[in-house]
Amino acid sequence: MPNRFAFFLLFLLPLTGFSQIFGGNPAKTRWSYFTDQQATLIYPKGADSSANRIAQLISRINARTDSSIGVKRRPISIIIQTGTTRSNGYVALAPYRSEFYLTPPANPFSLGALDWVDQLALHEYRHVQQYSNFNLGGAKIFKFLLGEQGQALANALTVPDWFFEGDAVFQETQFSHQGRGRTPSFFNGYRALWDAGIDYSFMKLRNGSLKHFVPDHYELGYQLVAYGRDTYGTAFWKNTTSKAAAMKGLVYPLQKAVKQETGLSYPAFIEQALANSRKRIGRESAKVHQKPPVVVNTENTVFTEQGDLVYLKSSYRKIPSFFIQKDGVEQKIRTKDQSLDHYFGYAKNKIVYASYRPDIRWGWIDYSELQLLDVRTGQQKRISHKSRYFSPSLSVNADSIVAVHIPVNGQQRLELLLQDGHKIVSIPNIGNFSFFHPVFWKDKILVVAKNDRARMNLLLVDIPNGGFTSLLPWTENVLGFPTAKGDTIYFTMSYKEKDRIMAFDAGSQNLYLLQSGSDSAYTGLYQPAVFGKEIVQTRFTAAGYSFRKETVDRENWLPVNDLSVDTASNFQVHSLNDPVNALTENNDHKPYIIHKYRKTTRFFNFHSWQPYYEDPEFSFSLFGQNVLNTFQSQLYFKYNRNEGFKQLGYTGIFGGFFPLLKGDLNYTLDRRGIFENRTIYWDQFQSSLGFTIPLNLSKGRSISFLQAGSDLVFNQDNFKEPERSKLGTRSYWYFDHDIRFSHQVQQARQEFNPRFAQTLHLNFRQAISQFDARQFMETSDLYFPGFFLNHSFVVNLAAQQRDSSKGLRFTNDFPFARGYSSENFYRVIKWGINYQLPIIYPDYGAWNIVYLLRVRTNFFYDQAMVKDQQLLPGVTQKMFRSVGNELFFDTKWWNQLPVNFGIRYARLLDEDIFGGSGKNRWQFILPVSLIPAGINAKRSLGF
């Protein structure tokens, strides 16, 4: 039964896998706050107006009687983050809070024309409403048993993520004249599948694929939510989700609730909903009984001065890289640095784009830096440092650059720079616009702008005074990607429920719709580029973004006379016919009383308790975390399978300044060791105080982290008889020094290991009182490409040496040869080789419970060499070798929870003298990846 299996998942999934950034803001950041009805807004200097706007919108939403989700409202703290260049927001349990990332997305087609702060408030507050009303019945029991993480788990198991996000997208659409539900690009995924005649199973639509394109749960969820509202009324989803969250019916509670409310089986409801959506936003096409296409994205195609094509190319098997195509022959220029979008500018054999770079220390601070790439040599240089530039473009002669600058305070402006990054001029933003995709045209700047009413236009901006001329009427349609050829400006605009290529004749001041062969497709056309009589445009397909060249034929241009006739559409969703425009309602309110927010507010804030197992330890922990996430603490119990000890302790770490400070207190029962050739047991008290320095060294194409720290530890051993008479009660101090380093290149979707990566862990412990004890351990992993694409060759190296005295033994954490039992040896060296490869991508599920994305395998050989005169008297060196295979299954449970597990078979080539019998060993394993998996307790805006 699904919900019984949930208790097993508690041991498989670290519920904090997706956590708030710890200590991510500089210590000098000063926070203010105010409380308005159901929300407390916490924000840094410069975000006052955004905080006020968010509070007003939340107040307007709460002023309405909501029969679509329920009337319960749990007060929430909303933290506004201004230092990151990423665009997102989330609401999370454990602890309960929300964070808004205020930098807007650089591509207007990603989320539509709605003002970014408004969209955050409308979308994210819906998640607050959901969580407030989903704490009932079975979910309430889970919360009682496990705290806030219990509710997060219960809600994730019973209410699908497609409803959470689809319902939030519906709210952002219903409470405005825009939102993603009125944006053609939002439906590109399903339109692409329908155009190609592809008919995936519902489980594949829910869980995705590692080999084929599958639209995300936002797009799926919106269609199902809209159909439910249109067909069965506003209260339909309130009734179904409340029954599901309450676990009324332990097996498939949502499916049962849907059947109770509609009289249809769940599969029939889904089929009817998607069929209805296809009639509204798609079109009929013959089903194709062949394998879906391989995904290869070719984006932002531009012409060179010679008529060659330059573009960005990526796939599920390869990371994004720049290419040039000459006479049909494709040549790679360079792999692209980490970036937040794929837009770039080109001129005179130069490419300029914005790359992403995190701050070396503070996780909530990152940068968007300009990179200049030479197409002929592949050489690249960074021309802006710690900047916040977006959508850069080169002048015709490539001697200057224009880019959108979005400072921390959010006041956007256009800036001109030289090739070396030196700023020429900062153009005033007279209209307080948001800007997208600026380009040089004649002696002015041509740019897409959005005003404070969330309407868009094409502007000609004077240099350097910022005066502007509107080329079009202000419209709710989304615009982007302008380019000019002579007196004609080409761009993409949403028009008549599609994203289309338009042309504006600056001489006649006429606007035209370009009809072409590509226009017959139902997905959007983007990023036009013109050379001579040829135009190239990018279209989204079931195989990803692809470009097509056509002839520019003015005879097929249709005049567009009035943009106001066809503005943002509701795509025939009848429940949107009378939108509630919460953005423009009058809402008189008194000025908020502003207070200083103390970083010690609710400092401990215990919120959840959790069992967890990671070989060789089982633990049960009580978790605490303050809202700003500058202090985390944990009260815990542990059981170690290797040594058989039990431990009770408390640990805390403070990240309010640099370095991080940490401390720990614990008492251990039944420590185990070898004394005078026999096993003895003792109890141990331990306390520690230390620091750690986490550094993010990522830049360019590399993702790198370095963490160094040290702990001063006090330890007292309490022996039992007869050892107490011989050894007494011992207390001692020791240092525990630790260094961890990891480096990897970017990974493609199908790469379970990076092609190149290195990890290194150094640990040194040394007693400084009573004993002359010490222990050094080194482990490292080296990742290399295999013989074929997405194969991986991994070398494991490890070494440990301790002192030879009989007094003190530090804990044994050494990764011994697989299959063998291990002791704390005097000296041990281990190396292993692994060859990992995918076997099959089944994309197959059963019972709406488990879905299998991939099966992969790993062939390994391990060899450990041990030297220890006490444990192995008379033996100079003992060998422990094993060979075997690991079979891994990458799965999803309940259509959303990722669980990766495996089975290991090890054949021992030497005797296991410290435990076990026989040469054949089997083990159930949970692989540890570079990025741990977990339940996503966040509900975010997403892309």
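Modeller: Both Phe 322 and Tyr 353 are buried in this predicted model. Their rings form an aromatic pair, with 5.1 Å from centre to centre and 50° between the planes, an arrangement that counts as tilted. The pair links distant parts of the chain, for Phe 322 belongs to strand E8 (residues 321-326) and Tyr 353 to strand E11 (residues 350-358), 31 residues apart.

A second pair is formed by Trp 682 and Phe 719, which is also tilted: the centres are 5.6 Å apart and the planes make an angle of 35°. Here strand E36 (residues 678-696), which holds Trp 682, is linked to strand E37 (residues 702-719), which holds Phe 719, and the two residues are 37 positions apart in the chain. Trp 682 and Phe 719 are both buried.

These two pairs are among the 67 aromatic pairs that the structure holds.

The charged end of Arg 818 sits over the ring of Phe 860, at 4.1 Å from the ring centre. Likewise, Lys 878 lies over the face of Phe 880, 5.9 Å from the centre of that ring.

The backbone comes next. Most peptide bonds are trans, and most residues other than glycine have a negative phi. Against this background, the bond from Ala 94 to Pro 95 is cis, with omega near -10°. Pro 95 is located in the loop between strand E4 (88-92) and strand E5 (97-101). Another cis peptide bond joins Phe 658 to Pro 659, with omega at about 0°. Pro 659 is likewise found in a loop, the one between strand E34 (646-654) and strand E35 (660-675).

Positive phi values complete the picture. Ala 398, a residue other than glycine, has a phi near 60°. It lies in the loop between strand E14 (389-394) and strand E15 (400-405). Ala 398 counts as buried because its relative accessibility is 2%, where the cut-off is under 20%. Lys 496, which is not a glycine either, has a positive phi of about 55°. Its place is in the loop between strand E23 (488-495) and strand E24 (498-505). Lys 496 has a relative accessible area of 45%, and is therefore partly exposed.

Technical notes. Residues are numbered from 1 along each chain as its sequence is written. This is a predicted model: local features need pLDDT of at least 70, side-chain atom pairs count only at pLDDT 80 or more; totals for chains, interfaces and linings use all residues. Side-chain values use heavy atoms; hydrogens and water are left out. Rings of Phe, Tyr and Trp (its six-membered ring) pair if their centres lie within 6.5 Å; planes under 30 degrees apart count as stacked, over 60 as edge-to-face and the rest as tilted. Helices (H or I, at least four residues) and strands (E, at least two) are DSSP runs, numbered from the N terminus. Buried means under 20% relative accessible area, exposed over 50%, partly exposed in between (1.4 Å probe, protein chains only). A charge sits over a ring if NZ of Lys or CZ of Arg is within 6 Å of the ring centre and within 35 degrees of the ring normal.
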